[in-house]
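Welcome, and thanks for taking a look at this one with us. Below is a short briefing, grouped by topic, to read alongside the model.

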Amino acid sequence: MVSASSSDSDSKLPLSLRSNLLDLFGQIEREFENLYIENIELRREIETLNDRLTAEGQTIDGGDLTKGALKTKASHSTSQLSQKLKTTYKASTSKIVSSFKATTSRAVCQLVKEYAGHRDGIWDLSVTRTQPVVLGTASADHSAMLWSIETGKCLLKYVGHAGSVNSIKFHPTEQMALTASGDQTAHIWRYMVQLPTPQPVADISQPPCDDDIDFSDKDEADGDGEGPNECPSIRMASTTLRSHQGVVIAADWLVGGKQVVTASWDRAANLYDVETSELVHSLTGHDQELTHCCTHPTQRLVVTSSRDTTFRLWDFRDPSIHSVNVFQGHTDTVTSAVFTVGDNVVSGSDDRTVKVWDLKNMRSPIATIRTDSAVNRISVSVSQRIIALPHDNRQVRLFDMSGVRLARLPHSNRQGHRRMVCCSAWCEDNSSCNLFSCGFDRQAIGWNINIPALLQEK
């Protein structure tokens, strides 16, 4: 006979794990209670706003807020109110909707290689678009490094800047790198590297990402920061781009590689001719410091991000018309906005959201991803259209373009980043590592991401 008092012992789970699960379930229940209360309050606000709209001759159904805006000139203010209502409603309800977007199989993420050698935090990284395929990192230690992806060995070090190197991008067809720096300049420098013979790598298979538990929030002590002592160096740029009056925070090549764009804390983005080093256009209009810039892979389009909570789309496709569009979808600093291979722009912000926009209709985002930490420089996979989100809280999460969460990269006291993750970058031409991340812990990490076909179809 088994007594009633022994029912709790029927579980095969250890008592400590059961206790943790019950605590987590309690937190989930409280979160849903807060969301439920929030949605009740939103419904009341919708009813109030509907009354105001009705008084001016326009009604909005709380269950369908995707209708067109008012068309008459007299109702301009009502249209703005309607758009604000739609944005508020969509942003709030997306928390609940995305919570129930479950996946039937999970992405598998493996840590493959660590790239250590910088003596300060790494702000940015990029992968070459030409052979040989190498990884580039930009660091606050005033240097940029090129790495063998397979071996983790430093191949070349650029030390031509007098300030923090804030970004690195590679020419689309030639062996040239573009770096932006706190010394108020951007440098273009040529490189020649030879890949070492890769050594056999032991199989370090990991369980699916979401099962990897962070056992400790305690930061490990930094390593000795031993750099690659025998790494050859380049000390002079082939081209130096000047004219900014503040830190140059990012730079990128326009399609074709004959022009580059730079973004600065002086609130301007500059377009330069590579061959002559001359300033072609100064893109002004942001109210605060710029944080990032990105160019379209196939068209003469540029997107700039700023601390003024906006990002701007600059169109240079028509030589006689240089149009600009301003997008105000965030409530805090827009840390980056990047193009996809299609007709989308993805923006990330310190307001803890990532938004997916359609270039053909950018009045409101087509998807909103809400997170628990500020989002830094994001990247989107060309082949799989997966968004990699590096966070202030040391996490890296993966989402698809519709806002469904696919995975969280392994993170524990044994592997992963130990400080803020600053940037992510995808690599389409390497089988072992197809995603890279870097952060304040002075290292870059190469990951292998395997997304089941079923997830990609969702």
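Which residues form one aromatic cluster? They are Tyr-158, Phe-170, Trp-189 and Tyr-191. Here rings of Phe, Tyr and Trp (its six-membered ring) pair if their centres lie within 6.5 Å, with planes under 30 degrees apart called stacked, over 60 edge-to-face and the rest tilted.

Please keep in mind that this is a predicted model, in which local features need pLDDT of at least 70 and side-chain atom pairs count only at pLDDT 80 or more, while totals for chains, interfaces and linings use all residues. Residues are numbered from 1 along each chain as its sequence is written, and side-chain values use heavy atoms, with hydrogens and water left out.

**The chain as a whole**

- The protein chain has three helices and 29 strands; helices (H or I, at least four residues) and strands (E, at least two) are DSSP runs, numbered from the N terminus.
- Of its 458 residues, 50% count as buried, where buried means under 20% relative accessible area, exposed over 50% and partly exposed in between (1.4 Å probe, protein chains only).
- The accessible surface of the protein chain is about 22,500 Å², and carbon and sulfur atoms hold 49% of that surface; the areas come from the Shrake-Rupley method with a 1.4 Å probe, and for residues only the protein chains shown count as cover.
- Among contacts (heavy atoms within 4.5 Å) with a separation of 6 or more, 53% join residues 24 or more positions apart.

**Cysteines**

- The whole structure holds one disulfide, a term for a pair of cysteine sulfur atoms within 2.5 Å.
- Cys-154 and Cys-231 form this disulfide, with their sulfur atoms 2.5 Å apart.
- The pair links distant parts of the chain, 77 residues apart: Cys-154 is in strand S5 (residues 154-158), and Cys-231 is in the loop between strand S8 (186-190) and strand S9 (233-234).
- The link of Cys-154 and Cys-231 is left-handed, at -45° about the S-S bond, and both residues are buried.
- Cys-294 is in no disulfide, and the nearest cysteine sulfur, that of Cys-293, is 7.7 Å away. Cys-294 is buried because its relative accessibility is 11%.
- Cys-433 is likewise in no disulfide, with the nearest cysteine sulfur, that of Cys-427, 8.1 Å away. Its relative accessibility is 1%, so Cys-433 counts as buried.

**Sheet and hairpin**

- Five strands make an open sheet of mixed pairing, in the order S2-S3-S4-S5-S9; two strands pair if DSSP finds at least two bridges between them.
- Strand S2 (122-127) and S9 are the edge strands, each pairing on one side only.
- Strand S4 (residues 144-148) pairs with S5 in the antiparallel sense over four bridges, and Trp-147 stands opposite Cys-154 in S5.
- S11 and strand S12 (residues 259-264) pair in the antiparallel sense over five bridges, with Thr-262 in S12 as the bridge partner of Ala-251.
- The hairpin of S11 and S12 has five residues between the strands, and Gly-256 in the turn has a positive phi of about 100°.
- S11 is mostly covered, with six of its six residues buried.

**Nonpolar cores**

- The largest nonpolar core has 25 residues, and Phe-311, Phe-339 and Ile-387 are among those touching the most other members. Such a core is a set of buried Ala, Val, Leu, Ile, Met, Phe, Trp, Tyr and Cys residues joined through side-chain atoms within 4.5 Å.
- Strands that each supply at least two residues of this core include strand S17 (311-318), strand S19 (334-339) and strand S24 (386-390); S19 gives the most, with four residues.
- Apart from this core lies another, of 18 residues, among them Tyr-115, Val-127, Met-145 and Cys-154.

**Aromatic pairs**

- There are nine aromatic pairs in the whole structure.
- Phe-170 and Tyr-191 form an edge-to-face pair, 5.8 Å centre to centre with 75° between the planes.
- Phe-170 lies in strand S6 (residues 165-170) and Tyr-191 in the loop between S8 and S9, so the pair ties together parts 21 residues apart in sequence.
- Phe-170 counts as buried at 1% relative accessibility, and Tyr-191 is buried with a relative accessible area of 3%.
- Phe-311 and Trp-357 are edge-to-face because their ring centres are 5.5 Å apart and their planes at 70°.
- Phe-311 in strand S17 and Trp-357 in strand S21 are 46 residues apart, and both are buried.
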